[in-house]
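Open the structure in your viewer and keep the selection tool at hand. The tour goes stop by stop.

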Amino acid sequence: MILRYALAFVFIIAWVAQAQESPRAPDIAAVLKQGKGTAQGRAAWERLCQAGPEELLPILRAMNQADATACNWLRTAFDRIVEREIAGGKRLPVDDLLNFARDAKQPGRARRLALDLVEQQNPGTSGKQFPLWLDDPEFRYEAVAVTLAKGRQLLKQGGGVAAVQVVRQALEASRDLLQARDAAATLEQAGIKVSVCEHLGFLMDWYLIGPFDGGGQKGFQLSYPPEKSVNLREELSGQGGKKLRWLRHRVQEPAHTSGARHQALVNLRAKDALGDADDAVAFAYTEFTVTQAGEVEFRGAADDNFTVWVNGQKVFAFE
């Protein structure tokens, strides 16, 4: 008896799922698989373009599985449906589209399409939504811009502590370097100093050593002691027989309004670092601790070679 009920339950779930599936699901699947590059894919795309507004959300959801090419074909089908429905004077499902745009689990490009369409139908919607998205992965930039503009306006009006708090919210949510500098500069005008480097998590404290001899432009192929182990108290032999020791170096953060290309550049050639040298190799070393494993991004530039070691392992190099 229990088994019979279980089978009936599974059957009901399967039937409901099938009933809710988009009638154009096979066409969407064909476009995802083949794009418009085959006769089958083109035929599926053309059928999809003739679908009604009820297919707008299934098309948007499918973009989560699409590569760039398939995503473009889904986008054109989406646009064809929208253009035809608007030309016919029909009302689009704006409430459903707005709920889709609000769902951070959906693909970002598709969420923007949905919000843009809602904005066309109901102007002003985006302006109401952006302030709510300070932590949203897709709309964070717009949310920070709107919040920062509000904070500045409040400061002009003498908003005091409340205005500063709004600008701080914008800074804390920002992930874009220029936006972060903008917010920090606004706070500085209000007499509050903040560090963009600290906010964005840049590594500021380093140890430097060099220059080592590049061996006739062969430094990339050669091996140097710091690649094998790092002993900050060790004295090493450098270019021209010069004795080298590790030098502690604190990165200088540029002014918020400087327009500097780099926010936390370890400039090895600077006078307070190692100074200039030709056909030379140098090393920068720092330590930091993370509580759990995860993906991170390192940024660096060099003339002409660049190599990165993490925990003694070479993880990146270019010549």
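What follows is a short walk through a predicted model, with something to select at each stop.

**Stop 1: a buried glutamate**

Select E55. It sits in the loop between α3 (39-49) and α4 (56-62). Is E55 buried or exposed? With a relative accessibility of 2%, E55 counts as buried, because the cut-off for buried is under 20%. Now show what surrounds it. Leaving aside residues up to four places away in sequence, E55 touches S22, P23, R24, I28 and I81.

**Stop 2: the second largest pocket**

Which of them gives the largest share? It is α2, with four residues. The volume of the pocket is about 200 Å³.

**Stop 3: a salt-bridge network**

Next, select R112 and E138. Their side chains meet in a salt bridge, at 2.4 Å from N to O. R112 belongs to helix α7 (residues 108-121), while E138 lies in the loop between α8 (125-129) and α9 (140-156), so the pair ties together parts that are 26 residues apart in sequence. R112 is partly exposed, at 28% relative accessible area. E138 is also partly exposed, at 24%.

**Stop 4**

Select R140 and D135. They form a salt bridge whose closest N and O atoms are 3.9 Å apart. R140 is buried, with a relative accessible area of 16%. D135, in contrast, is exposed, at 63%.

Move on to R269 and D276. Here the closest N and O atoms of the salt bridge are 3.0 Å apart. R269 is exposed, at 54% relative accessible area. D276 is exposed as well, at 54%. How many salt bridges are counted in the model? The count comes to eleven.

**Stop 5: a nonpolar surface patch**

Finish by selecting F288, V290, V296 and F298. Together they form a nonpolar patch on the surface, with about 410 Å² of accessible area. Pick out V290. It lies in the loop between β5 (280-285) and β6 (306-310). V290 has 52% relative accessibility and counts as exposed, because the cut-off for exposed is over 50%.

Note on methods. Residues are numbered from 1 along each chain as its sequence is written. This is a predicted model: local features need pLDDT of at least 70, side-chain atom pairs count only at pLDDT 80 or more; totals for chains, interfaces and linings use all residues. Side-chain values use heavy atoms; hydrogens and water are left out. Patches are made of residues with over 30% relative accessible area and no salt bridge: like charges are joined within 9 Å, nonpolar side chains (Val, Leu, Ile, Met, Phe, Trp, Tyr) within 5 Å. Accessible areas come from the Shrake-Rupley method with a 1.4 Å probe; for residues, only the protein chains shown count as cover. A salt bridge is a side-chain nitrogen of Lys or Arg within 4 Å of a carboxyl oxygen of Asp or Glu. Helices (H or I, at least four residues) and strands (E, at least two) are DSSP runs, numbered from the N terminus. Buried means under 20% relative accessible area, exposed over 50%, partly exposed in between (1.4 Å probe, protein chains only). Contact means heavy atoms within 4.5 Å. On a 1 Å grid over the protein atoms alone, a cavity is a set of points where a 1.4 Å probe fits but cannot get out, and a pocket is an open set with protein on both sides within 12 Å along at least five of seven lines; lining residues have an atom within 4 Å of a point. Grid points are joined across faces, edges and corners, and a volume is the space filled by probe spheres set on the points.
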